[in-house]
Amino acid sequence: MRKRDLEALYEQYDPDTPDRERMRRGRGRARLTEQARARLAEQREAAVFDDGPAAGGRWSTWDDADERGPRPYPGWLVTELAAVDGELGILKTGKEADVYLLERALPATGRTCLLAAKRYRGGDHRLFHRDAGYLEGRRVKASREMRAMRQRTDFGRNLIAQQWAVAEFAALSGLWAAGAPVPYPVQRIGTELLMEFIGDADGTAAPRLVQLRPDPRELAELWRQLVDAMVILARGGYTHGDLSAYNLLVHGGELVLIDLPQLVDVVANPQGRTFLQRDVGTACKWFRSRGLPDDVADPDRMVELLLDEVGLR
Ligand SMILES: Nc1ncnc2c1ncn2[C@@H]1O[C@H](COP(=O)(O)OP(=O)(O)OP(=O)(O)O)[C@@H](O)[C@H]1O
Ligand SMILES: [Mg+2]
């Protein structure tokens, strides 16, 4: 079985064909029929001996995702099931998660896209610095699960990691749909979320704001973009919750908000206002330190503006 044949088979299950749409509506989520699944498995198996994923690669996990990003799927996203995910390297190891660079490519067609894979850690013994304030009040159904999380058993740690992945995926999906400048959330499987890679086509990641030395004009423009972004969040009732020059990427002059698992609901969270004030304070401090005039980066005015948007004034 050659790739071309494989692709012809998957063509029938193109996510955007009406057939696929019917199947999805019928079952709640995109699913192949049992028969098609068996055929797919057979052909993938055959392809491994033929020209399947090279070492370090895996079949695209698009079809196995627990959740997918908002529709319509962006045109650049490779959604074909015959695609292969190849890991190109690690972008950053963090305290709670590691971020990898992934290429999802459809062999022999030249269709390819770069993705950032954020994998929350579950298995080690670190505590999540964000657990305390944020997880409070989030409901967990089974008390057995709650106990496991409190006692930090391996199972519990994994659940916590998964909760963060679920929370970040939901935050990205909501904010993307609201038009906020965030990476497009592609999919989540367990503790791993895949999102749009912010960077160049050669795999160079966009710098974080903290790494830049913008001239006064660029600085004013970035500030304007940040205010716009925070207003979009506030209109939805949110503030970032961990805003800093480390969690803002700048690509082609465009500011992108990242690292959103702790997105704060300003009204529902008892400390909502405090989180909002802290985000504004951190942002103003950084922009002032880079030379933005105090009366432009004015935290009091900004907090007022955002609380207005939230509807809390
Ligand atoms: N979509 C993306 N495109 C490009 N780079 C990204 C993307 N998402 C994350 N990164 C890189 O990975 C780093 C870590 O991501 P993020 O801040 O979401 O995770 P984290 O676990 O909070 O890390 P840290 O503990 O360093 O804050 C970012 O600072 C950025 O450099
Ligand atoms: Mg971060």
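**Serine 173**

I started with the side chain of serine 173: one of its polar atoms lies 2.8 Å from the backbone oxygen of phenylalanine 169. I count this as a polar contact (a pair of N or O atoms within 3.5 Å; within protein, one must be able to donate a hydrogen and the other to accept it, and residues adjacent in sequence count only if both atoms are side-chain atoms). Serine 173 sits in helix 6, residues 154-177. Is serine 173 buried or exposed? I noted it as buried, because its relative accessibility is 16%; buried means under 20% relative accessible area (1.4 Å probe, protein chains only).

**A note on the model**

This is a predicted model, where local features need pLDDT of at least 70 and side-chain atom pairs count only at pLDDT 80 or more, while totals for chains, interfaces and linings use all residues. Residues are numbered from 1 along each chain as its sequence is written, chains are lettered from A and ligands numbered from 1 in the order in which they are written, and side-chain values use heavy atoms, without hydrogens and water.

**Ligand 1**

Next I looked up which residues come nearest to ligand 1. Of the 19 around it, they are Lys92, Lys118, Glu196, Ile198 and Asp259 (near means a heavy atom within 4 Å). The shell holds ten nonpolar, two polar and seven charged residues; charged means Asp, Glu, Lys and Arg, nonpolar means Ala, Val, Leu, Ile, Met, Phe, Trp, Tyr, Cys and Pro, and polar means the others, Gly among them.

I then checked atom pairs. A polar side-chain atom of lysine 92 is 2.8 Å from an oxygen atom of ligand 1, and a polar backbone atom of glutamate 196 is 2.9 Å from a nitrogen atom of the ligand.

Notes:
Helices (H or I, at least four residues) and strands (E, at least two) are DSSP runs, numbered from the N terminus. Buried means under 20% relative accessible area, exposed over 50%, partly exposed in between (1.4 Å probe, protein chains only).
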